[in-house]
Amino acid sequence: MSIGIVMLAHTALHRAEQVARHWTKAGCPVVIHVDQVVSAKRYKIFTERLSDDPLVRFSRRHRCDWGTWGLVAASQDASELMLAEFEDVSHVYLTSGACLPLRPVQELIDYLKARPRTDHIESATTADVPWTVGGLDEERFTMRFPFSWRRNRYLFDRFVEAQRKVGYKRKIPEGLTPHMGSQWWCLTRQTLSSILEDPKRKVYDRYFRHVWIPDESYFQTLSRLYSTNIVSRSLTLSKFDFQGKPHIFYDDHLQLLRRSDCFVARKIWHNADRLYETFLSPKPGELNLQEPNPGKIDRIFAKAVDRRTRGRPGLYMQSRFPNEDWENGVTAAKYSVFQGFTELFTDFEPWLAQVTGSRVHGHLFAPDRAHFADGQTVMNGALSDNATMRDYDTKMFLTNLLWNTRGERQCFQLGPSSTRHVAWDIGKDPNAQVSVISGAWAIPLFQSNRSFPELRREAAQLQKIETEMLDALRSPYSKCRRRIWTMAEFIESPMEAIQVIVDEIGTQPNRRLTQAPKMVDLTGFGQFLQNLKNQGMHPYLMGDFPADPIAHGPIRDAQRPRPYLVKK
């Protein structure tokens, strides 16, 4: 008994020669198909170099464009030559010139000898697999594909659209149920002979000639007609990324390939000298009787795909940056946003920094500049406070700040004067903890000595902007953790609200606050709001604020610090 190796080569012919000699050294005949794209000169040199090996043959050449019939035709001709020239071959193993044996050939021979009637070919219906990339699953078997997907993509797409538009569907030959799977199979002599000698072969070939990617469906479908025992998996380790492109193995994948226990792997980089030297010159030792198990390394590939497609939370790269919501988390860490607190409390920022131990910035999106903590003009990662640079891309400014300060809680202020649309970026971020005292922007207007008509116009504008910001935070697309109070609601029990916020920041959990930040003097503020109403502007964001704050008990009490007991 011996195993026949059919090799499809089109590049790196020196590596194909090296691997072919490895197979024949173990007594396995090799039939090589060389793609027609290889020049006649290179082909002649290649055949002359292997002419001294009696177990090597060369089959008729075909042009093997990806996804076309040429790959099936090349496999058919090489297999026919193998079965005709080498009668003692019991199994035929299809490989490529970029395949590399990972285990001693004798282990593969013994493995197949113990399973003389078993065909190893991945074969599943389109309804059972999630592999198809490009939107064509059942359609690949019911349409015609005369144009190459890679070389004539425009004509390919237009022809598919035309067939869909007119409702064209090809008839699948009677008795066939289309199956799909890996191109790389190992079939018994009996099954392969039955496929190649089938009386209906011309009918089947005519049908599959216009199937898309027939090399992944021709043998996978026909083997179901003749095989008595199919193990639906390939003995070749072949991994693909999320775009359907094969992973390429390099020298630093050595241990990974060993762990798979597979007999053969593709696609090996032609300059991976260490891999070729290691696996083609195995050291003598005990035979490895492990079952091939590529699933042992699937977790590593899944992590690689996840890192490539999603990346690290809060870190953006070129491939994901232009695509909204492709990020793996908008930002890298949790942070807190406050709106209205610096207007209502005196020295709120230093008080919050002392109580929580966080880095508390000022108004990061103020019109003049980004007010970093401690008056810094440049933050970690050379992040400038320049307003023009910040506003070029506010989302990237925020994500860079949080990425560059990982491990440290960031807090900053927001308000109606902030850069537009930043509320949407914050609102859609699950890492954001947003606390808003709506209407607090009126306090600086109340404390100013400007003319009342001017204050009324500005108040109307600020209220409109804050309403839009609150709509963004309350939108169905918002994912942030938000707490929104009107001024009237907040000052009724400020310590309770502040205690909840501080606990959520979590730097010093369950710490009971005994003193609140000092609240500004609101004497006359209610009358100020009433005057705005009298002038035709309706300040509704402050809530039901009394016109006489001196006589109102809760407001007077709110200005006195009260202890807050943590609920158990």
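Predicted model: local features only at pLDDT ≥ 70, side-chain atom pairs only at ≥ 80, totals over all residues.
Are arginine 201 and aspartate 205 buried or exposed? Residues are numbered from 1 along each chain as its sequence is written, and side-chain values use heavy atoms, with hydrogens and water left out.

To begin with the whole protein, there are 23 helices and 17 strands, where helices (H or I, at least four residues) and strands (E, at least two) are DSSP runs, numbered from the N terminus. Of its 568 residues, 51% count as buried, and by buried I mean under 20% relative accessible area, with exposed being over 50% and partly exposed lying in between, for a 1.4 Å probe and protein chains only. If we take the contacts (heavy atoms within 4.5 Å) between residues at least 6 apart in sequence, 74% of them join residues at least 24 apart.

Now to the salt bridges, each of which is a side-chain nitrogen of Lys or Arg within 4 Å of a carboxyl oxygen of Asp or Glu.

In the opening example, arginine 49 pairs with glutamate 17, and the closest N and O atoms are 2.7 Å apart. Because arginine 49 lies in helix α2 (residues 40-49) and glutamate 17 in helix α1 (residues 13-25), the pair ties together parts that are 32 residues apart in sequence. Glutamate 17 is itself buried, at a relative accessible area of 9%.

The next example joins aspartate 77 to arginine 60, with 2.9 Å between the closest N and O atoms. This pair also links distant parts of the chain, since aspartate 77 sits in helix α3 (residues 70-85) and arginine 60 in the loop between β3 (56-58) and α3, 17 residues apart. Aspartate 77 counts as buried at 13% relative accessibility, whereas arginine 60 is exposed, with a relative accessible area of 56%.

That brings me back to arginine 201 and aspartate 205, whose side chains meet in a salt bridge at 3.2 Å, N to O. Both residues belong to helix α8 (residues 201-208), where they are four residues apart, about one turn of the helix. As for the question I started with, arginine 201 and aspartate 205 are both buried. Finally, salt bridges can share partners, and in this way Glu17, Arg21, Arg49 and Asp52 are joined into one network.
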